[in-house]
Amino acid sequence: MRRFMAAYPEAVEALMETADEFEALREPKARGDALNQLGIVHYLTTDNEAAARAQTEALALYRETGDQLGQANALAGLGMARRQTSDFDASVRAQNEALAI
């Protein structure tokens, strides 16, 4: 909700806390969901390296759990972050992999 209200610092804090709680509970898909949203917030605030880290970690968790929709979403987010840093080759690879899923 904080992301939609453009309360980005609060969104980052809440999502990081949520991701940590899901890690403690050993809920990898839920942790991936929190990290995916965290990546989106970082992208919106142009912290593209943090966005890429969050999306990459989310992607690994989604692959671990076999969540294809999660994988596609994380790859799409990763592609957006890579585009923002002008790493167009990596962006295209991530977006194409998302589309293939």
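Me: Which residues in α4 meet which ones in α5?

Reply: On the α4 side they are Ala72, Leu75, Ala76, Leu78, Gly79, Met80, Arg82 and Arg83, and they meet Phe88, Ala90, Ser91, Ala94, Gln95, Glu97 and Ala98 in α5, where contact means heavy atoms within 4.5 Å. By class, this contact has nine nonpolar, three polar and three charged residues, with Ala, Val, Leu, Ile, Met, Phe, Trp, Tyr, Cys and Pro counted as nonpolar, Asp, Glu, Lys and Arg as charged, and the others, Gly among them, as polar.

Me: What should I know about the model and its numbering?

Reply: This is a predicted model, in which local features need pLDDT of at least 70 and side-chain atom pairs count only at pLDDT 80 or more, while totals for chains, interfaces and linings use all residues. Residues are numbered from 1 along each chain as its sequence is written, and side-chain values use heavy atoms, with hydrogens and water left out.

Me: At what angle do α4 and α5 pack?

Reply: Helix α4, residues 68-84, and helix α5, residues 88-100, pack at about 160° with their axes 8 Å apart; axes are lines fitted to C-alpha atoms, for helices over the stretch in contact, and angles run from 0 to 180 degrees between N-to-C directions. The two helices are therefore roughly antiparallel, a label for angles over 145 degrees.

Me: And where does α3 come in, parallel or antiparallel to α4?

Reply: The axes of helix α3, residues 48-65, and α4 come within 8 Å and cross at roughly 160°, which makes α3 roughly antiparallel to α4. On the α3 side the contact includes Asn48, Glu49, Leu59 and Tyr62, and on the α4 side Gly70, Gln71, Leu75 and Leu78 are among the residues involved. This contact has nine nonpolar, seven polar and three charged residues by class.

Me: Switching topic, how many helices and strands does the chain have?

Reply: The protein chain has five helices and zero strands, where helices (H or I, at least four residues) and strands (E, at least two) are DSSP runs numbered from the N terminus.

Me: What about the overall dimensions?

Reply: The C-alpha atoms fill a box of roughly 35 × 30 × 20 Å, taken along the principal axes. Buried residues, meaning those under 20% relative accessible area with a 1.4 Å probe and protein chains only, make up 41% of the 101 residues.

Definitions and conventions:
Parallel < 35°, antiparallel > 145°, perpendicular 65-115°, else oblique. Buried < 20%, exposed > 50% of the residue type's maximum accessible area, 1.4 Å probe, protein only.
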